[in-house]
Each structure stands twice: as C-alpha cells, then as structure tokens.
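Visitor: I would like to go through the salt bridges here, pair by pair. Could you show me what we are looking at?

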Amino acid sequence: MSSESATSAWVTPPTRPELIESLVSGVDRYNPSNVSILEDYLYHQIRSQEYDCLANLAILKLYQFNPDLYNPDVVINILIKALTASPFPDFNLCISLLDDRPQTAHLDEPDPLPQLLPTLTTLHSLLHQCRFPAFWTLYHSDDLQPLRDNYTVEVVGFEDSVREVAVRAVRSAFTRITSKRVASYLNLPEGPELESYVSKLGWTLDSASGVISIPLNADNKIESTVVQENIQLPQLAKIISHTAATV
Amino acid sequence: MAQPGMPIWAADDEIEEDFQGVDLNMAIGNYGQNGLYDEVQSRIDEAALLAVQQQMQQQAAFAQIPDQVKRFIVHFHQAVLNNNLEEITVAYESGWNRLTEKFYAKTEWPEAEIIAPLVNDDPIFLILYRELYYRHVYSRLQPNIDDRFHSYENSCELFNYLLNSDEPVTLELPEQWLWDIIDEFIYQFQSYCVWRSRVKSKSDEELILLQEAASQGVWSAYSVLNVLYSLIQKSKINEYIVAQQEGKNEEEIAEIVGEYGVRPLYRMLGYFSIIGLLRVHTMLGDFTLALKVMENVELNPKAQFTRVTACLVSTYYYVGFCYIMLRRYMDAIRGYLSILNFILRMRQYHTRSYQYDQINKTADRMYALFAVCNALAPSRIDDNILNTAKEKFGEQFTKMQRGEEGIAAFEELFLYACPKFISANPPPYDDPDALTAYVDDPPTEPAQRHLALFLADVRAQAPVPTLRSFLKLYTSLDASKLAGFLDADEEEMVQQMMVMKQASRCVSRVGGEKGLLEGAVRPTSDLDFSIDENMLHMVESTVGRRYAGWFIRSTENAQRVLDTLKNSPLAIPTKSVAANGQGTDGAAEQPAAPRAGGQKVAWGGVKVA
C-alpha cells in the first residue's frame, strides 16, 4: 500500500524559502506590493528546476484582484510549469484563476497569452490523455516555434519534466514495454541515449528482444483481493454498554 | 420590564391582548418632541420645512406600523439589551418570520429610522434590525441599487462595531444568527457581483453610481476578504481550534485566545468566517486556497464545532466541490456520504425549521455531485445514498456511464449543482469605450469557464467505461485483440489504457492528515490491470458480503424493544390500584426474564440453520 503522502511536497515543497512560505500561508499574499517577490521566485523555479504550485497560484490570485499587475509572460511561465504536473490538476487550477479578459491597457506590447492559451491547453490535454507521441509532434511543430523560442527554452529541464509525466504513466501501467514504444513516449532515439535514460530509472533493457522490464511497484503490481469487512469496536459500543447496563 | 418565560407572540399569532408586559408608552415616550414644533414656527426656512415634512412622513409611517409589530420590536430590543439568548432566539427564528408572513410578505419591513423611537435610537439594535431588514429585501423582494449599497454600509457598520471597539463588545447573539450574518454577507456580495456584471440592464444613473462604488471598494473582493480575515484574526479561532485539539484545558485556551476569543460571539464569528472564506475562495475559482484556509478545521461529523446545521451542510458542500475540481473524487464522495446521511437522520427534526428548504436544496445538489463523482471514480459503495442519487438523477446516472455520449449529462449536473461563481472585478465602468466593447462581446460567464475545465477532465476519461466493460470479461487479453473489438488503433488503445490506470488512482485522505489538501494516492477501482508488453492482465477485487452492520442494527433494535417492554406498564391493570407503582415494576420484570431467555434460543436456532 502506498500510504506515503502524495501531496506534502506539493503543499509545501522542501525548497520553498521561509519568506515565500509566509506569503503563501498568511494574509500578506493579498498585498500587491509582494507580487515581485513571488514573480522572482517563479523565475528562480524556472532556472533551477524547482516547482511550487501554491506560490504560483498566489501570483495569479494577485493578478485576479489587481488586473493592472497582470504580466502575460509570468502567466505563460506558470502555465508551462503546471503543464508537467499531469495527471495532477495544477494546470486547470491555474486556468481557473485567470480572468476571462485580462486588462491589457498598461502593456507596451500586444498580449501574447490569448494566442498561446489554446496551444497550451491542447498540450495539457494531450499529456492528460497520455497521448505522448502526439504531444511531441505538436510541440516540435513549426507552429509552436514561438512558444519554444520565447518560453520553454528558458525553462530548464522542460523536456525532461514532460518525460517524467510519461515515465509516471508507463511505470504504473506496464511491467514490460518495448523500447520502441518507450522511445516514442519519451521522444528519445532508440540506442545509447534511451538506454542510459531508462537505466537511470532502474529499468532494464533486454537488448536481444528490445523489451524493457519495469520493476514492480504499487501500481503495476496487481492483486486480486477480497475486501473483508472490518468491525471496529466503536460500532459495538452501544450494544456493549447496553449489555453492561442490563446485566 | 423583561418578560419572564416564553413570549406569547412566539407561540401564537394573536398576541395583541396578551402582550401586556411591555409598556409601549415608556419605550416611545420621547417620541413626538413637541418642543420642536415651537422652534419651527419661529424660523421658517426651506430646510426646516423639509425636515418637518420628513418628520411628519415618518410619523405617518410610524402610525401605520401594526401594534403587534411595534410590540415585537420593543420586546426584541429588550431581549438584545438583556443578552437573553433564549428570547433573542425565539424572536429571531420565530417571531420575525411569523410577522413577515403576516404583514410583510410582499413589502419591506418599516425602515430603521421609523422604528428608531421604539428602541430609544439604540444604534446597535438598529444595525441588527437593518441586517434583518435587508436580508428580508434580498430574499423576498428585489433589492434596488440603494438597497445594495445600504446593506453593504450596514454590514460595514456592524463589523466595525465588533472589530474596532476599544474592547470586546458584550453583545451576545444566537449561533444561528451569527452564521446567518456571515452567510448573508457573502450571499449579498455574490448577488452584487452577478448584478453588476449585467451592464446592459443598467440606467445611466446606475452606471455612474456603480463607477463611484467601484472606486470606493463597495462590495469589492478585497473588502469582503478583509472582514472575514479580520474576524478570524481578532477571534484567534485557528489558535483556539489547535489548542482544543491539543487537549488544552479551558484556562490555557483562555490565555491563548485572549479577551476577544473567549467570547462566544467572537469565537463563532471567527469560525463561521473560516467557512465563509472557503465559500468565497470557491466562488472565485481558487479551490486550493479554499481548502487551505480550512487547514485546522476537523471534518469529523462527530467532532463538530457548531450545531448550526446550515453551516455544516455548507461546509461539506464546498469542500466536496473543491475536491472535485482537484480531481479528488474519493474525498468528495466520502464527504457527501457522511453529510447526506447526517441530513437524512436529522430530517425529522428539521422539517419545521425555516431553513429546511435551503438545506434540502443543497442536499439535492450534493446528490447530483455525488452521482458525478461516482461516475468518474466508480467504486462499490453499498449505501442507500447511492440509491437515492439514482432515484433523483437516474437518467443522467445511466448516461454518465457511457463515455463521450454522457458528456451532456455531466454538463447538466455540473451546472445544476455547482456553486455560484463570480468575477473578481467589475466591468470597466470607468472607461466608456471598454464598456461598449464589454457589452458587444461579453466575456464568458465564470461558471462556463469552470465547466469547460471540468468537462476537459471528464473527456480525458471518456474511453474508460468502454474499456472497463471489455476488460471485466477477461483475465488476460492481447492488446491487438482488444483494439480489434474496439475498432481502434492498437497504439492509441494502449495510451487509453494508461489513462484508465491514471483514472483508477486518486489522491485521497486516508486519515490522520493535517489539513484538507494532504492525501496519499489510493486505488479507487475494483478492476486493476497491468500490461506485459502487449498482453493485458486483469484482476478484480471483490467485497465480501457484509453482515456486521445488519446484525448490529438488529441487535440494537432488539435491545430497544426489550427496554420498551420492560418499561411499559402491564396491559391489564392489576386490581390493587394502590400498589400500582410497585406492581408495575415487579410485573415488568417477570415477563422480561423468560423473554430474554427465549430470545437466546431463537438466535441459537438461526445460528445453527
């Protein structure tokens, strides 16, 4: 049984600094003058492969209440970070906070978000639907060059974090999988690059058959169980106390 | 002057004759102010004339108030002055509603200024009176723009009085009323947000007023949050809850929460403000923050902080909805199961409550959400809640099992059962061009945005029911064969299998977590599988038959029957009337003994069979 918390690192990432924690958990999160601290922290996450969903949601919350703070680049970066949290709902949680019509009067340049939002949403649903080959095709298409050149190139380890989404999905569903299939999910050419990637995961490749074995874990190890009923003492409390009272 | 015992108007409509304890002339003794008239005659100018006219109008309005209502207000005021919770409760829950039905079903109650002489212009009572006055306008009539602004002002006055007095106020109010104050404050905020977003129906004058209001922060999200957070901080409610959970004694707790937190009024307002924040954040689409503010609150039906049913129901409704938006369907299901069962059990006590309708409406929406969750995370729940949900939403229930075809049913139930979503910001009333653009091309309603996100989640899972129905028939199956059955591309089908795996796992609270956001990944489905290259292997988990619940219920029932028998007098009274008391006791014991013995034999017989 996998009973270790799946969310504690999400609620409070170990990398989150004290100052950010006080903003995320306190009422200072509503103070518009703190937005730059949170924005700086986002760019720190982008450079150092960290991720702090709640801190990023705090930025979107400030934008929601103070439309004049709205900065489309920040929003796009937040969405890109949230994209690879799939199958967890981070991406949707961010979108929920976006006002339908951002106020753009204070921007010097045209707002890039309306153009990119449908693309990001499509990318998200491809990941959420485990359609990894389709994700890579779309991601590398010419149409998405602006997204790659202007945004994801800055997000250190972006492609690897997409691969981690695929790895999570494969690990829980497969016990063995062909390297060809894995290669298409991870967008890595079959050969040394793929081999070293999967061996780091603790997966073993049988080079003769081209089949990768995945160690058993809580999700790909299946057992048929019969759930027996389990009676707790408190359920019997009434009966026992009644018996005790009448004897 | 205080009335001892139960006031008559609460028990009966006809109170005129019986309400003699309150001296009306005493209470309104200062009214009339004859001196003023002399003064007016000496200097006749426009302003004074207006004032007189106004005064006369007020007098006329005052004269129109039925005596029954006047007496009620005087008595209500007295109860509030005396901090007599019992009498306040009766006036609040029963008297007000009764008189509303009788005199004000279709019109406003008299304005606070009119009734002021009855209560010696007591400013606090007038604030409370206006709170009721505007609530009545919102629930029974159509609030106009002035009502909306004034109800906001009045709420501000009330909260200012509570939060910014030099020391804790000594006022006491019933828990139910305190809940209603917070609940209504948020309702009026939400109502205002919806109303202000409809630009087209506004007159030019209203547009100007709305622009002014926006610049002054009237009904702004910030001001509403400010009130709720201030009440939480002033009352130190979070510290109180934590101290209570740590088992601190009363003195220690009093030390921790300070002079405000020890007062029930502040403590309950603080607690209700936490629930209020849960609601406001949900309405604004911030589902994580909504659950995060609930960090310290224990969602345990047995350890409830308050006995206000409306608050409990509301808490579970919003928490469950947030869980749905976090794709944590198991947690939503668990919450709805416990509160819906609670409502069923409480039903007999609530049928006469004035909130019964509201609670029932929320319960129905929770049945709908329960059905939605059950379709997304099917698990074996042997429960009458499931059957009731099927009864209420049978058609949608079946459709939702059908993948893509069922999307319309998900949509229908979501829109029926979701909270009222609001936009955080008003339309651009300060910018005529932007406003025109806003009217020509209105933004999507917030509910539609959240619906779209939810349906995207549903759509991602759409292939699951079909796959599931096939997989249940096999213990192992070749992927290409399954693809053949489904008339689908094998590779695509394998990807859908990964989706199915994802959908069969769910972050869920397992117990003992701190905070509602915590949880561990748990399997939700009775069908599990793994893929060995191209071969699918399936296993099914089964639930053994459950006997214990039935036996426990039956045993408890038997014990109750036995108790009743033991305590009831004999059917045929004995001849010796004098010894009746003793005789009954003795007689009751006698049949009880053999009967208990007989029961043992009967149970033994069943066991053998």
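Visitor: Is A:Arg163 buried or exposed?
Guide: The model is predicted, with local features needing pLDDT of at least 70 and side-chain atom pairs counting only at pLDDT 80 or more, while totals for chains, interfaces and linings use all residues. Residues are numbered from 1 along each chain as its sequence is written, chains are lettered from A in the order in which they are written, and side-chain values use heavy atoms, without hydrogens and water. Buried means under 20% relative accessible area, exposed over 50% and partly exposed in between, for a 1.4 Å probe and protein chains only. At 8% relative accessibility, A:Arg163 is therefore buried.

Visitor: Which residue forms a salt bridge with A:Arg163?
Guide: A salt bridge places a side-chain nitrogen of Lys or Arg within 4 Å of a carboxyl oxygen of Asp or Glu, and here the closest N and O atoms are 2.9 Å apart. The partner, partly exposed at 33%, is A:Asp160.

Visitor: How many residues apart are B:Arg279 and B:Asp183?
Guide: Their side chains meet in a salt bridge, at 2.6 Å from N to O. This pair links distant parts of the chain, B:Arg279 being in helix H15 and B:Asp183 in helix H10 of chain B, and the separation is 96 residues.

How values were computed: Helices (H or I, at least four residues) and strands (E, at least two) are DSSP runs, numbered from the N terminus.
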